[in-house]
Amino acid sequence: MISEVKFQRVAFLRATIPNTLQGVRSFQGEILSGSGNTTFDVALGSQVLVPLAREFGVNPGFGYYEEAHHLEYGDENALASTLTRVADTRGTIVLGLNLLNKFLAIPGGDFAVMAICAHEFAHIKQYGLDVKHAIENGLPPYCIELHADFLAEYFIRIFSERVPQTRLQVIGEQWSKLGHPTKTGSHGTSAQRVKAIEAGFEFAKRASSRNVDAASSAGYQHVSQYQV
Ligand SMILES: [Zn+2]
């Protein structure tokens with residue numbers, strides 16, 4: 001269980017973020033407006049979702065879904081969809097309750113949820129950008145995930161300034177468990193994912209250039225190293 005206070009105090013991200021997080025064209029399943037834990041929902045909204053929307057300049061709908069009803073997306077997942085399902089929003093993010101509850105059962109798992117949300121908001125940001133087409137037309141498919149990782153860590157850097165207890169090195173350790181040890185697959189290798197977040201972190205350090213569109217361009221430059 002989580003509270004707003006915990007978001008400000010917990011210092012560890014011990015959970016492994018699953019590597020199945022993905023962007024999808026459309027999610028048409030049932031969307032739940034609450035997780036069943038109102039305290040958590042309020043904290044997530046005020047401390048993560050609203051700052052993410054502001055920082056990335058996007059306005060997706062956000063809700064939860066039950067993975068058991070949509071196993072085509074895996075048994076623990078979060079999705080960013082181009083389909084608008086909530087009035088006055090654009091695009092939709094759904095967080096699976098299995099995934100959510102798995103992380104909330106782990107000390108510090110709330111930071112994992114924050115990182116997942118940042119990755120999914122990055123996909124929503126990508127949907128409106130030319131860089132998405134450039135990646136899809138010129139680079140291996142996993143580069144869209146590495147680009148989302150870059151943008152996610154850009155946000156995490158900013159979040160960590162608001163929450164100084166955030167243990168960035170621990171997040172990095174956990175991110176190293178993402179992806180495949182050797183194969184690029186759909187989400188890149190572990191080493192590629194860690195390099196992507198390190199690059200996003202470095203970019204966000206420079207306050208003078210802290211702008212999500214500039215970050216997106218820098219992220220594109222970063223993933224262009226994987227051009228074949
Ligand atoms: Zn993704």
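Select helices H2 and H4 first: their crossing is right-handed, a term used when the near helix is turned clockwise from the far one by less than a right angle, with anticlockwise being left-handed. Helices (H or I, at least four residues) and strands (E, at least two) are DSSP runs, numbered from the N terminus. This is a predicted model, in which local features need pLDDT of at least 70, side-chain atom pairs count only at pLDDT 80 or more, and totals for chains, interfaces and linings use all residues. Residue numbers start from 1 along each chain as its sequence is written.

H2 covers residues 38-56 and H4 residues 109-127; their axes are 10 Å apart and the packing angle is about 30°. Axes are lines fitted to C-alpha atoms, for helices over the stretch in contact, and angles run from 0 to 180 degrees between N-to-C directions. H2 and H4 are therefore roughly parallel (under 35 degrees; over 145 is roughly antiparallel, 65 to 115 roughly perpendicular, the rest oblique).

Now show the contact residues (C-beta atoms, placed from the backbone, within 7 Å). On H2 these are Leu44, Val48, Leu49, Leu52 and Phe56, and on H4 Val113, Met114, Cys117, Ala118, Phe121 and Lys125. Ten of them are nonpolar, none polar and one charged (Ala, Val, Leu, Ile, Met, Phe, Trp, Tyr, Cys and Pro count as nonpolar, Asp, Glu, Lys and Arg as charged, and the others, Gly among them, as polar).

Stay on Phe121. Apart from neighbours within four places in sequence, Phe121 contacts Leu52, Phe56, Val58 and Ile93. Phe121 and Ala118 have the most contacts inside the largest nonpolar core, which has 56 residues. Such a core is a set of buried Ala, Val, Leu, Ile, Met, Phe, Trp, Tyr and Cys residues joined through C-beta atoms within 7 Å.

Next, select H6 (residues 143-162) and H8 (residues 190-205), whose axes come within 7 Å and cross at roughly 45°. H6 and H8 are therefore oblique to each other. Their contact includes Leu146, Phe150 and Ile158 of H6 and Ala196, Ile197 and Phe203 of H8. The contact residues divide into twelve nonpolar, two polar and five charged.

Then go to Asp88, in the loop between strand S3 (78-81) and strand S4 (92-96). Asp88 is not a glycine, yet its phi is positive, about 65°. Asp88 is exposed, with 7 other C-beta atoms within 10 Å (exposed is 12 or fewer, buried 20 or more, partly exposed in between, with C-beta atoms placed from the backbone).

Finally, zoom out: the protein chain has nine helices and four strands, and buried residues make up 43% of its 228 residues.

Notes:
Two residues are in contact if their C-beta atoms, placed from the backbone, lie within 7 Å.
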